[in-house]
Amino acid sequence: MKKVFLADENTARLCLPRLGSNLPVITIPAGEAYKSPDTVMQIWHAMEQMGLDRYSTLVNVGGGVVCDLGGFAAATFKRGIQFINIPTTLLAMVDAAEGGKTGFNFDGLKNQIGLFAQPTEVVINTDFLGTLPHEELMSGAAEMLKHGLVGSSIHWAETITFNWEQPDFHALEPMIDRSREIKKSFTEQDPLDKGLRKALNLGHTFAHAFEEWALEKQQPLRHGHAVALGLVCALYASVIKFCFPSGILQQTAQWVKAHFSPLGITCDDYPRLKQFMLSDKKNNDGTIRFTLLKDMAQPCVGQVLSDTEIFEAFDFLREG
């Protein structure tokens with residue numbers, strides 16, 4: 001049974017040497033811009049040239065882009081081969097490597113093509129976190145914050161009080177475990193994202209629009225950065241809709257403001273952002289659907305907001 005590594009240019013250089021393995025490597029370009037059909041075809045072509053068969057295994061070593069692309073390529077090659085995820089970023093450890101979502105971007109829109117396929121194994125090694133720039137670490141922290149909001153007030157609190165400027169990776173390990181368990185509590189009950197699992201989309205309808213807007217401006221935004229900003233908008237909408245505790249909104253917004261740069265949108269960008277939202281996968285019959293919160297750990301999926309409410313959320317984010 002053949003095993004082959006898949007890594008991007010950065011993880012091939014920084015992370016593969018730490019694994020001490022001589023497995024052959026498929027290397028792809030690094031970055032969200034390469035989460036595309038062309039890159040999937042590149043992976044398929046390399047697997048064919050290496051002689052992989054239905055009993056082979058693809059070992060994805062990298063962040064969310066590598067895990068998503070590698071999972072999709074493996075799940076479709078020869079009608080499906082096994083794959084293992086070894087996430088090397090905090091974001092991938094708590095989010096992309098778990099849950100079975102795979103795929104790629106299409107026509108400038110996030111994750112428009114994909115399928116559900118579970119890895120045979122997910123291997124977590126926090127030693128890789130020492131290779132990350134601070135901005136990439138914070139990208140993962142944003143997803144941990146989201147998991148706290150939808151699943152555990154304790155996890156939310158430990159995330160916003162953790163010293164992210166001088167992180168203790170040993171102390172971070174149990175927090176990663178708790179974050180992964182919160183995600184698994186949703187994905188195991190709803191593996192195909194038909195209902196309960198949509199709680200994990202908190203902030204993401206806003207976030208994906210921010211990412212697509214930034215990509216259109218040729219100023220790519222890290223996924224976790226977009227999620228952090230999207231959470232602020234979603235919590236503001238939750239206050240309007242459900243009287244979500246405004247103190248939690250304020251604390252979360254202050255934490256986001258302290259750790260993430262502003263998006264730089266103006267009122268003139270609001271219609272374009274809404275256009276991007278209309279292409280979101282979670283929509284139904286052309287209606288934009290949001291996940292909001294009634295209270296901490298009380299998500300409410302499939303919610304509809306008026307244009308006024310959406311634009312007010314943008315105002316709140318923009319005005320700090």
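How many cavities of 30 Å³ or more does the structure hold? I found one cavity of 30 Å³ or more, where a cavity is a set of points, on a 1 Å grid over the protein atoms alone, at which a 1.4 Å probe fits but cannot get out.

I noted that this is a predicted model, in which local features need pLDDT of at least 70 and side-chain atom pairs count only at pLDDT 80 or more, while totals for chains, interfaces and linings use all residues. Residues are numbered from 1 along each chain as its sequence is written, and side-chain values use heavy atoms, with hydrogens and water left out.

The volume of the largest cavity came out at about 40 Å³, a volume being the space filled by probe spheres set on the grid points, which are joined across faces, edges and corners. I looked up its lining, meaning residues with an atom within 4 Å of a point, and found among them C67, F83, N85, E98, K101 and P119. By class, the lining of the largest cavity has six nonpolar, three polar and two charged residues, with Gly counted as polar and Ala, Cys, Phe and Pro among the nonpolar ones. At least two lining residues come from each of β4 (82-87) and β5 (101-106), strands being DSSP runs of E with at least two residues, and helices runs of H or I with at least four, numbered from the N terminus.

**The sheet.** I then traced an open sheet of five strands in the order β2-β1-β3-β4-β7, with parallel pairing, where two strands pair if DSSP finds at least two bridges between them. Its edge strands are β2 (25-28) and β7 (121-122), each of which pairs on one side only.

Helix α3 (residues 37-49) packs on the sheet and touches β1, β2 and β3 (57-62), its direction making about 160° with that of β2; contact means heavy atoms within 4.5 Å, and angles run from 0 to 180 degrees between N-to-C directions of axes fitted to C-alpha atoms, for helices over the stretch in contact.

**Strand β1.** Strand β1 (residues 3-8) pairs with β2 over four bridges in the parallel sense, and L6 stands opposite I26 in β2. With β3, β1 pairs in the parallel sense over five bridges, and A7 stands opposite V61 there. Five of the six residues of β1 are buried, so it is largely enclosed by the rest of the structure, buried meaning under 20% relative accessible area with a 1.4 Å probe, protein chains only.

Definitions and conventions
1 Å grid on protein atoms, 1.4 Å probe; cavity = no way out; pocket = protein on both sides within 12 Å on 5 of 7 lines; lining within 4 Å. Buried < 20%, exposed > 50% of the residue type's maximum accessible area, 1.4 Å probe, protein only.
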